[in-house]
Amino acid sequence: QVQLEESGGGLVQTGGSLRLSCVVSGTIFRIDDMGWYRQAPGKQRELVAQVTSDGTTNYADSLKDRFTIFRDNTKNTVYLQMSSLKPEDTAVYYCKAVVRRNRFVSNDYWGQGTQVTVTS
């Protein structure tokens with residue numbers, strides 16, 4: 001079994017910063033891609049950023065100047081550093097990890113989500 005636990009969300013003013021963390025635990029052979037998604041009220045879940053096991057990153061075009069994703073493979077943790085936050089960044093942020101529990105099988109796992117609210 002694999003669990004993802006997010007932390008770091010909260011209430012912040014416009015222009016502020018937050019760092020989200022997501023720890024993957026359980027039966028892990030290897031973690032491939034890790035990423036962050038978000039879902040605002042009334043909208044579909046969207047990709048924020050993702051990072052491969054070798055550190056290659058991919059961002060939503062509109063966010064790459066303000067958000068940074070990175071991971072610590074020794075801690076099975078992925079981070080999202082968010083700066084210059086805007087009210088439109090308000091959403092539930094979800095962590096996703098592609099985890100191999102053995103050499104042959106990988107599955108997508110999601111965290112429960114952490115709320116980020118940016119006030120004007």
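Author: We'll take the sheet, then the disulfide. Keep in mind that this is a predicted model.

Reader: OK, in what order do the strands of the open sheet come?

Author: The order is 1-3-8-7, four strands in an open sheet with antiparallel pairing.

Reader: And which are the edge strands?

Author: Strand 1 and strand 7 (67-72), each of which pairs on one side only. From one strand to the next, the twist averages 15 degrees.

Reader: How many bridges join strand 1 to strand 3?

Author: Six, between residues 2-7 of strand 1 and residues 18-26 of strand 3, and the two run antiparallel. As one example, E5 stands opposite V23.

Reader: What about strand 3 and strand 8, how many bridges there?

Author: Six bridges join strand 3 to strand 8 (residues 77-82), and that pair also runs antiparallel. Here R19 stands opposite Q81, and C22 stands opposite V78.

Reader: Switching topic: what does C22 form a disulfide with?

Author: C22 is joined to C95, with 2.1 Å from S to S. The count for the model is one disulfide.

Reader: Where do the two cysteines sit in the chain?

Author: C22 is in strand 3 and C95 in strand 9 (residues 91-100), 73 residues apart, so the pair links distant parts of the chain. A disulfide is a covalent bond between the sulfur atoms of two cysteines.

Reader: Is the link of C22 and C95 left-handed or right-handed?

Author: Left-handed, with -85 degrees about the S-S bond.

Reader: Last one: are C22 and C95 buried or exposed?

Author: Both C22 and C95 are buried.

Note on methods. Residues numbered from 1 in each chain as written. Predicted model: local features only at pLDDT ≥ 70, side-chain atom pairs only at ≥ 80, totals over all residues. Heavy atoms only, no water. Pairing = 2+ DSSP bridges. Disulfide = S-S within 2.5 Å. Buried < 20%, exposed > 50% of the residue type's maximum accessible area, 1.4 Å probe, protein only. Axes fitted to C-alpha atoms, helices over the stretch in contact; angles between N-to-C directions.
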